[in-house]
Amino acid sequence: MRSSGLLLLNFLFFFFSPILTAKGAFVGTYGINYGRIADNIPSPDKVVLLLKQAKIRNVRIYDADHTVLQAFSGTGLDLVVGLPNGFLKEMSSNADHALTWVKDNVQSFLPNTRIRGIAVGNEVLGGGDSELSGALLGAAKNVYNALKKMNLEGTVQITTAHSQAVFADSYPPSSCVFKENVVQYMKPLLDFFDQIGSPFCLNAYPFLAYTYNPTQIDINYALFKPTEGIYDPKTNLRYDNMLDAQIDAAYMALEDAGFKEMEVMITETGWASKGDSDEPAATPENARTYNYNLRKRLAKKKGTPLRPKTVLKAYIFALFNENSKPGKSSETHFGLFKPDGTISYDIGFNSLKSDAPSKAASCYVASLLISISVFLLMI
């Protein structure tokens, strides 16, 4: 019986220990962006509880704040950290700085904090800053080489997210190509990402497309509601929602650039629940409809009309309303949750609750397992 007890202990250790899986792991199809440009949102430890209650495992942040990284330690949540745009020129020109950054902000927190990726910059290309655009590839390479020196390149994936400003045209999807002033930076970047197995990350917002063209776009098409949709005569494909069309437009641009096999992942998408007078579609009802239907869409684990076998994965923007974000009113109202942890609108998630019951239950289970193991070892 002593050997049986040891077998049980080994099983329990294997079953309950955190496991780091393959490169670029994304569990399921649903993730969320945890933005923190606010002075009234819950502390990171409460955010962890909220994410667990909502059963959201894939999380992106826009920096590598150590308070957040420590709060995620031992939680089993998969985290993508951000290297902000302000660091790109430094990281591109100095490989030692990239090495130090990775050591301090990634390696030192592994494996307890499951850092699964580094987003090198955000929406850099197409933004008009040629110096920043020129630094993106060098920064990505230096960060990747730093990971490689630490034998972490198989665990932590390098990506960068693009806005739709990189495209010259996206309607219909088959007409989409990269802008001429973007191609010189984009193609070398795609070459590198193709070599290391990284996806093309896209921030796609039907909300913005509709807001800029309300007379030309059916709002039902933007909200995943029943509609005639659009027909693309070149591919002979029909689209019943705008997000799928935006994704397939990206696939067509990639194909035109010579990267037909690269996966497109959505790193931001969402709908504002409040906006300025020129943003009339930013309402709680529309936000609820978009996010509820998007969640249903992702749960089907299917691809797009152009890539039906490539299951769509998306990070929703965002976890909270962020009251300190600059710009239009809509920028501060993309959250699924309000600052106090209550839901902004119901799409199936619960409000933030006390973690006392869950801690008590965890302690009880742990004590029970230890007692059983000790008993078996004594037999």
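In which sense do strand β3 (residues 78-83) and β4 pair, and over how many bridges? Select both strands: β3 and β4 pair in the parallel sense, over 6 bridges. Two strands count as paired if DSSP finds at least two bridges between them. Strands here are DSSP runs of E with at least two residues, helices are runs of H or I with at least four, and both are numbered from the N terminus.

The model is predicted, with local features needing pLDDT of at least 70 and side-chain atom pairs counting only at pLDDT 80 or more, while totals for chains, interfaces and linings use all residues. Residues are numbered from 1 along each chain as its sequence is written, and side-chain values use heavy atoms, with hydrogens and water left out.

**Strand β4 and its partners**

Stay on β4, residues 114-122. Pick Leu83 and look across to its bridge partner in β4, Val120. Colour β4 by accessibility: 8 of its 9 residues are buried. Buried means under 20% relative accessible area, exposed means over 50%, and partly exposed lies in between (1.4 Å probe, protein chains only).

**Helix α6 with α7**

Select helix α6 (residues 130-149) and helix α7 (residues 180-196); their axes come within 10 Å and cross at roughly 15°. That makes α6 roughly parallel to α7. Axes are lines fitted to C-alpha atoms, for helices over the stretch in contact, and angles between N-to-C directions run from 0 to 180 degrees. Angles under 35 degrees count as roughly parallel, over 145 as roughly antiparallel, 65 to 115 as roughly perpendicular, and the rest as oblique.

The crossing of α6 past α7 is left-handed, a term for a near helix turned anticlockwise from the far one by less than a right angle; clockwise is right-handed. Show side chains for the contact (heavy atoms within 4.5 Å). On the α6 side, the residues include Ser133, Leu137, Ala140 and Tyr144; among those they meet in α7 are Tyr185, Leu189 and Phe193. By class, this contact of α6 with α7 has 10 nonpolar, 3 polar and 1 charged residues. Nonpolar covers Ala, Val, Leu, Ile, Met, Phe, Trp, Tyr, Cys and Pro; charged covers Asp, Glu, Lys and Arg; the others, Gly among them, are polar.

**Helix α6 with α5**

Ala95, Ala98, Leu99 and Val102 in α5 meet Asn142, Val143, Ala146, Leu147 and Lys149 in α6. This contact of α5 with α6 divides into 7 nonpolar, 1 polar and 1 charged residues.

**Two loop residues**

Go to Asn323, in the loop between β12 (314-316) and α12 (356-378). Is Asn323 buried or partly exposed? Asn323 is partly exposed, with a relative accessible area of 40%. Beyond four places in sequence, its contacts are Ile37, Ala38, Asp39, Asn40 and Thr332. Asn323 and Ile37 are 286 residues apart in sequence, but 7.0 Å apart in space, C-alpha to C-alpha.

Finish at Pro233, in the loop between β9 (230-232) and β10 (237-239). At 58% relative accessibility, Pro233 counts as exposed. Pro173 is 60 residues from Pro233 in sequence and 10.0 Å from it in space, C-alpha to C-alpha.
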